[in-house]
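Trainee: Could you show me how to read a few features of a model like this one?
Mentor: Gladly, let's look together.
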Amino acid sequence: MAEVLVVADDLTGSNATGALFARQGMRAVTVSDVCHGRRHGAAADVVVVNTASRHHPAGRARAMVAEVARALGGDVRLLVKRVDTTLRGNVGAELTGMLEVLRARAPHARALCVPAFPSAGRTTVGGVHLVDGVPLTETDAARDPLSPIAASRVATLLRAQTALGVGEIALDIVQAGQEALVRAMRADRSDVLVCDAVTPGHVSALARAAAATGETWLSVDSGPFGAALAAELGIGGTPRPILVVAGSVTARTTEQLREAEQILGARLCEVTALDEDALTVQVMRLLDDGATVAGLRMVPAEFDPALAERIPRVLAAVARNIVDSGRVGGVYATGGDVSVAVVDALGAEGLAVDAEVQPLAVAGRLVGGPCAGFPFAAKGGLIGDRQAAVDCVEHLRMITVHDEREVQR
C-alpha cells in the first residue's frame, strides 16, 4: 500500500512530481480521482492526486484537498502538498486543509515549506522566492491572468491565505550543518516553517534534518523536497551504499564530485599515496560510519611516471576489496583508465547497458565472472555536467532498491 500521498493542484505538476519520486526508486502513480487512487495505490509507494484546484476559490480548494487527504492519507507515512514552482494558486488555503487532516491523527504535526526547485531555477533566499534569480513579483507569475502573484516573500503569500503561524529558516542555518538545522526546526514552533534553499544540496540537507527531528511533517514543496524527505524516511526501500572510484583529476570531475558530496553526502578519501591496504581500510571505515556514498578520489599531485601507471590498478584493487566485502550495492567509476581497470579487477567480461544516464555516462550491470549482474556506471573525466556523478549514483541506487524488492518477493 502507498506510503506517500501527494496532493497536487494541476496535472503537469502531478506527473513531474511522480517522476521525482520514481527517480528515488519508488513506484509512483498519478491519478485525478480518489477512487482511482484507492484502486492503484495498493501497487505503489507513492500516489499523486491531481485536484485541478489551482484556480478554484480558496474555500473550495481547501475542502477538496482535505477530502483527498482524509480518503487516502489515513495510513501513509508522509503527506505532501505539491505547490506550483512559482507559488500560484491556493497554497496557504490548501496546506491549511491538509494540515488539519494530518493533525487529527498527529496533533503536533507541522508544515515544512520548501518551495525551491534549484535545478529548474527556483530558489528561496531570505524568505524571498526567485525565478532564475528574479523575485516572483518581477516575473510572468505576477501577471498570471488567473492567479497573479502579489508578493515575492513566501511568508507574506502564506499569511494572506491562512491564519496559521508562519516562521522562517534562513539560508545561513541551512548551511550550518545538520545539528544546527535540527535545533532550529525544533526551536521555532510555528505551524509552518518556510525554508531557504539555493542548491539541491540545501534541499537534501533540509530533508535529512526534517527526518532527524523525529517530528511529523506535512511537506509543502514543488517536488524535490518531498521526494528527498521520503527517501530519508526509508520509504520505498533503502538503497545499498554506492562505491565511488574517481581516477580523474579534471576540473569537471572535481566539480561533479563536489556536487555529490553536497547533494548526496558522499564521503571520499583523498588518494595521496598508492597503498592498497590503507585505502581499503579508509573506505571501510567510512562505510562502518554509515556513509551511503563512499570511495576514493585522486587529487592533483606530482607522481613519478612509473608510479602514475600504478594508479588505475591500485584504485581498482581497492574497489575489488570493497565489492568482495559485500558492503556496497554498486560502483560508479570516473576516468577512462580507472573504469577499465575496475571492470578487469572485478573479473567481468563487459557491461550490459541499462541506460545512458547523461550523454556518454553509461550505467548497467556487469556481465561474466564472479560479479555478473553487479550494478556499475562509468564515464570519462571530461564528460557530463555538474550533476553527472549525482545522476549516475542515483541511478545505481534505484537499481539496488529494485534488486532488494526482487529478493523480498
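Trainee: Which residues is histidine 395 in contact with, leaving aside its neighbours within four places in sequence?
Mentor: Contact means heavy atoms within 4.5 Å. Here histidine 395 touches Asp354, Ala355, Val357 and Ala363. This is a predicted model, where local features need pLDDT of at least 70 and side-chain atom pairs count only at pLDDT 80 or more, while totals for chains, interfaces and linings use all residues. Residues are numbered from 1 along each chain as its sequence is written, and side-chain values use heavy atoms, with hydrogens and water left out.

Trainee: Is histidine 395 buried or exposed?
Mentor: Buried means under 20% relative accessible area, exposed over 50%, and partly exposed in between (1.4 Å probe, protein chains only). Histidine 395 has 13%, so it is buried.

Trainee: Where does glycine 25 lie?
Mentor: Helices (H or I, at least four residues) and strands (E, at least two) are DSSP runs, numbered from the N terminus. Glycine 25 sits in the loop between α1 (11-23) and β2 (28-31). With a relative accessible area of 9%, glycine 25 is buried.

Trainee: How are two packed helices described?
Mentor: By the angle between their axes and the distance between the axes. Axes are lines fitted to C-alpha atoms, for helices over the stretch in contact, and angles run from 0 to 180 degrees between N-to-C directions. For α11 (residues 276-288) and α13 (residues 311-324), the angle is about 45° and the axes are 9 Å apart.
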